[in-house]
Amino acid sequence: MTEHPSGDLCLEQLSKKFESFTAVNSLDLTIPEGSFFALLGPSGCGKTTTLRMIAGLEDPTSGTIRIGDVDITHVKAHRRNVNTVFQSYALFPHMKILDNVAFGLKRRGDKDAMRKAQEALDLVELGHTAKKKPNQLSGGMQQRVALARAIVNRPNVLLLDEPLGALDLKLRRQMQIELKRIQSEVGITFVHVTHDQEEAMTMADTVAVMNAGNLEQVGPPADLYDHPASTFVANFLGQSNLLTSRVTGLGGDGLATADCHGHEIQVAAEHIPTGVRDVFVGVRPEKLRLDRSGRNHLDGTVTDASFAGVATQYLVRLPWGHEVTVVQPNDGSPRARVGESVDVSWEPGSEFVLDASQDQDAGMFDTGLRDA
Amino acid sequence: MPSVGAALGGGGATAAPAQRPRRNWVPYALLLPGLLWLALFYATPMVTLGSQSLQEGNVYDGFVFTGNLSVYPQALSEYWPQLLRSLGYAATATFFGLLLAYPLAYFMAQKAGRWKNIMLILVIAPFFTSFLIRTLAWRIILSDGGVVSDFFERTGLINLLEWLTLTTGGTLLNSKFAVMAGLTYNFLPFMILPLYAALERLDPRYMEAARDLYASGWQTFRHVIWPLSLPGVVAGTLLTFIPATGDYINSRLLGNTQTVMIGQVIDSLFLRVLDYPQAAALSFILLIMIVTLVALYVRRAGTEELV
Ligand SMILES: Nc1ncnc2c1ncn2[C@@H]1O[C@H](COP(=O)(O)OP(=O)(O)O)[C@@H](O)[C@H]1O
Ligand SMILES: [Mg+2]
């Protein structure tokens, strides 16, 4: 019989090579039991491969996978207490919805399979479709059936591979809320794979960002957003303005001074990576203001303004030609016009600081618009 | 009834003229060649054959239509052993054909990768040689002192065949075994190809989903692969069973007087005995039996949740 270990899911030095191509490179991750964990990255970065290794559908080239204290690296897929919601749903077309949902329970000889399957269908509000075939349901409904088919088994870990990828935007938002509700209701560890940074941030307790087979950074969404550890994360998660600067010295109040194209700016000393002097000072668009209220200020010219209801997004050209994005809430204060000279300011400490030896544009063009 | 538009608009000049639905005759025209073909080469011979079975007389004085149905019970009572034997042999050949073809087709469709096309060509390759010659070749393959015969003797399998009365006198040739082996071999491609087509369409993600949902290899086959391949199984077994039942080459070339199949009987009634009414009646009996069996089979398979 299948073992039912429980505990955190640990990936240690997990790698997968396809011939000479490294799809996943020495991944180290601990996914706490019962958490909603998102694996985020542009398409082709190895997310699906990682999930497939956890599910047992792909053999790792090296490394180990543990649930709690039990090493499951070489346990066969059908003996792992892990279930997957496939991106394509993969509902069995020849079975009724209820039989699809009961499939896993029946394989494990559960006498109560049908009743539990019906309950799981009710949980995703599709109890009335029990007697239908998969091709009689819409995409969104099939997605929920796939979810019911997986969670009904009460796995230790539920793997979701871009489960909302095929749904339109409105349905996506609904399902995001729905998924979170179901996760907190059943308390199973969810590993949610997505290339949509917004989806990852709104849903997950913890987000791991992957890039080209490597783990870039792991943490709560707000931490990743406020303190990205690399230009890739800074650009991939939301928008960032990266100002090339050089740290010139320590000031008081835990602040350091930096030279940004001949302008002196202040940054929180604790944000500066140790031993680095050439840096990117990163400021999120909504933390920049078009006035002199912040202690750091630069002057610039508005080159573009786009109104978006709650806020207006400006492009402002700085004296050395670099353009920054500024987002201002439409709170009644006067709006700047294109061509206008403006001040751009921000408060020291609201920035993050990155080592300038990285590619400034990493992660820039992978904003999740491409499909997996 | 006037249209709603006309009623509301008072039937004035503003109402669009009622469009006469234009009959699209193209689909019917496309049916025509096929219908003509069927009428000429299927319906006409059937009617001829039917009327022939109800004639009396002989080839020298000529046959006259008498509508005498008694030829049917006569033919049945005389040749029922050959009829049953034919069904039995065909069923056996179909069964072993399925057993051989399924794993092969599965491998070709799901695992062969770039060897797929080469394997397909190999499956079709026997068609480049005539049916007759291939069957004659089996006489050489099964002949005494040959490799196959040697193998059966050394392993003692020949004793098993003797015990099952599939062979007699210690030789493979001219036996039930040889006829059924020949039938299995000759119709194997007709089993492989539809199975291949069905298994080729089978999305491997369903198998992965089954594995993910705790199904062992056998359970994945039983609950996912097999049911999804049923259309291919039905097509393959029909394409094997139907022609095998009426076959007369294998039983003539590889069998003995105890293995005569119904096709062989009809063949000799038509061409040697020249008893046309009896031959025609037997042909009809065979036809009706096969159609009935196939109808029952397809209905049964249809309830097995065909996709
Ligand atoms: N079976 C395979 N054989 C060869 N390369 C593969 C295979 N599966 C995935 N890859 C490659 O590994 C990389 C990561 O793929 P995948 O894990 O599917 O990415 P993601 O899910 O993040 O989009 C891709 O470049 C893909 O082409
Ligand atoms: Mg993927």
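Residues are numbered from 1 along each chain as its sequence is written, and chains are lettered from A, with ligands numbered from 1, in the order in which they are written. In this predicted model, local features need pLDDT of at least 70 and side-chain atom pairs count only at pLDDT 80 or more, while totals for chains, interfaces and linings use all residues; side-chain values use heavy atoms, and hydrogens and water are left out.

Chain A contains 8 helices and 19 strands; these are DSSP runs numbered from the N terminus, a helix being H or I over at least four residues and a strand being E over at least two. Along the principal axes, the C-alpha atoms of chain A fill a box of roughly 75 × 45 × 40 Å. Of its 372 residues, 53% count as buried (under 20% relative accessible area, with exposed over 50% and partly exposed in between, for a 1.4 Å probe and protein chains only). Among the contacts in chain A (heavy atoms within 4.5 Å) with a separation of 6 or more, 66% come from residues 24 or more positions apart.

Strand β14 of chain A, residues 278–283, is mostly covered, with 5 of its 6 residues buried. Strands are taken to pair if DSSP finds at least two bridges between them. Strand β11 (residues 241–250) of chain A runs antiparallel to β14(A) and is joined to it by 6 bridges; here Ser245(A) stands opposite Val279(A). Strand β19 (residues 352–355) of chain A is also antiparallel to β14(A), with 4 bridges between them, and Phe352(A) of β19(A) stands opposite Gly282(A).

The contact between the chains involves 27 residues from chain A and 18 residues from chain B. About 2,100 Å² is buried between chain A and chain B, and carbon and sulfur atoms give 60% of this area; buried area is the accessible area (1.4 Å probe) that two parts lose on being put together, summed over both. His78(A), His94(A) and Arg107(A) supply 33% of the area that chain A buries against chain B, more than any other three residues.

Between chain A and chain B, 8 residue pairs are in polar contact, both residues being at pLDDT 80 or more. A polar contact is a pair of N or O atoms within 3.5 Å; within protein, one must be able to donate a hydrogen and the other to accept it, and residues adjacent in sequence count only if both atoms are side-chain atoms. On the side of chain A that touches chain B, the elements giving two or more residues are α1 (47–55), β6 (82–85) and α2 (97–107).

A salt bridge is a side-chain nitrogen of Lys or Arg within 4 Å of a carboxyl oxygen of Asp or Glu. The count over all chains is 24 salt bridges, and between chain A and chain B it is 1. That one joins the side chains of Glu208(B) and Arg52(A), at 2.8 Å from N to O.

Within chain A, Glu185(A) and Arg181(A) meet in a salt bridge of 2.9 Å, N to O. These two residues are separated by about one helical turn, because they lie 4 residues apart in helix α5 (residues 169–186) of chain A. Glu185(A) is partly exposed at 49% relative accessibility, and Arg181(A) is partly exposed at 28%. Glu125(A), Glu178(A), Arg181(A) and Glu185(A) are linked in a network of salt bridges.
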